[in-house]
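Thank you all for coming; I would like to walk you slowly through one structure this morning. Please have a look at the sequence and the fold before I start.

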Amino acid sequence: MVDDALAAAVARLYSAPPEDFVAIRSEEVAKARKARDTRLAKEIGALRKPTVAAWLVNLLAHERPDLVEELLELGGQLREAQRDLRGAELRELSTRRRATVSALAKQAAQLAGRGETALAEVEGTLAAALADAAAAASVQEGRLTKSLEYTGFGETPRPQLRLVQGGDEQPGLSTVTAKRSTPTQDDREQRAEARRREEERRRAEEEHARVVKQARRELMTALQQLTDAETAKSEAERAVAAAEKAIKSAEKRVKLAQDALADLS
């Protein structure tokens, strides 16, 4: 019951505008105290007020969980393609990522009725959810207090492991130790060759892992740079639109002033 009550309080608090957070939290704490649930009152009282960007993402999680689920599914596909270095699929998914992040950010702004306030931070948080499973879980939970930012370059490749068989005898099977014969020159040469081949194989595996890791790092760096460029382009386009709007407004005021001056002449 406590968990259900806390979940309901969280949904109400983090769906409401940040300016209403403190008042609603006080109401929820008072309600819990009236029910003599001191644990619930303490947990609600510990909840922190979100920033505007965090609230917008939380609003998406509570009002449109279906869209958030689609975003996280896309994130899983992206991480899998990154692990396997599937370049063509990564390019297609990256295009979908940019379109999805932009559309969801605008959907959050529409839900809030706030225009494009903090849109860049919202997009950054959604991009972090696409890139990182832990960030995705935080977004889906719907109780962020700050926007998120992802600066990593993909997942670390798993180390190459090989099984080394032990040579100890099992106790109790025999009390007799076989006498070892002195190795011949051929035996020594074969063992040396086996060691040499094993060393070459180990070095080849290490080199392969290094090349794969470097390729993944370069790929993720390029994708990050592409995302940053797309974000900068979007922000520039919004700035241009705002400037054009301001110019038209100023021209309108100048025209009104000229008309008023003409009437006085």
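This is a predicted model: local features need pLDDT of at least 70, side-chain atom pairs count only at pLDDT 80 or more; totals for chains, interfaces and linings use all residues.

In what order do the elements of the protein run from the N terminus on? They run α-α-α-α-α-α-α-α-α, and the protein accordingly has 9 helices and 0 strands, where helices (H or I, at least four residues) and strands (E, at least two) are DSSP runs, numbered from the N terminus.

Residues are numbered from 1 along each chain as its sequence is written, and side-chain values use heavy atoms, with hydrogens and water left out.

Let me begin with the protein as a whole. Of its 265 residues, 25% are buried; buried means under 20% relative accessible area, exposed means over 50%, and partly exposed is in between, with a 1.4 Å probe and protein chains only. The accessible surface comes to about 18000 Å², and 52% of that surface belongs to carbon and sulfur atoms; these areas come from the Shrake-Rupley method with a 1.4 Å probe, and for residues only the protein chains shown count as cover. If we take contacts between residues at least 6 apart in sequence, 71% of them join residues at least 24 apart, a contact being heavy atoms within 4.5 Å.

Now to the helix pairs. Two packed helices are described by the angle between their axes and the distance between the axes. The axes here are lines fitted to C-alpha atoms, for helices over the stretch in contact, and the angles run from 0 to 180 degrees between N-to-C directions. Angles under 35 degrees count as roughly parallel, over 145 as roughly antiparallel, 65 to 115 as roughly perpendicular, and the rest as oblique.

I start with helix α5, residues 65-84, and helix α6, residues 87-112, which pack at an angle of about 155° with their axes 10 Å apart, and which are therefore roughly antiparallel to each other. Their crossing is left-handed, a term used if the near helix is turned anticlockwise from the far one by less than a right angle, with right-handed used if clockwise. On the α5 side, the residues that meet α6 include L67, L71, L74 and L78, and on the α6 side they include L90, L93, V101 and L104. The residues of this contact divide into 9 nonpolar, 5 polar and 3 charged, where Ala, Val, Leu, Ile, Met, Phe, Trp, Tyr, Cys and Pro count as nonpolar, Asp, Glu, Lys and Arg as charged, and the others, Gly among them, as polar.

Helix α5 also packs against helix α8, residues 133-141, at an angle of about 175° with the axes 11 Å apart, so α5 and α8 are roughly antiparallel to each other. V68, E69, L72 and R79 of α5 make this contact with A133, A136, V139 and Q140 of α8, and by class these residues are 5 nonpolar, 1 polar and 2 charged.

The contact is made by W55, L56, L59, L60 and E63 of α4 and L104, Q107, A108, A109, L111 and A112 of α6, with 9 nonpolar, 1 polar and 1 charged residues.

Let me finish with a few single residues. S15 lies in helix α1, residues 2-15, and counts as buried at 18% relative accessibility; leaving aside its neighbours within four places in sequence, S15 is in contact with W55, L59, H62 and E63. R12, which also lies in helix α1, is partly exposed, with a relative accessible area of 34%, and R12 touches I24, E27 and E28, not counting residues up to four places away in sequence.

Is R36 buried or exposed? R36, in the loop between α2 (21-34) and α3 (38-45), counts as exposed at 76% relative accessibility, and its phi is near 60°, a positive value in a residue other than glycine.
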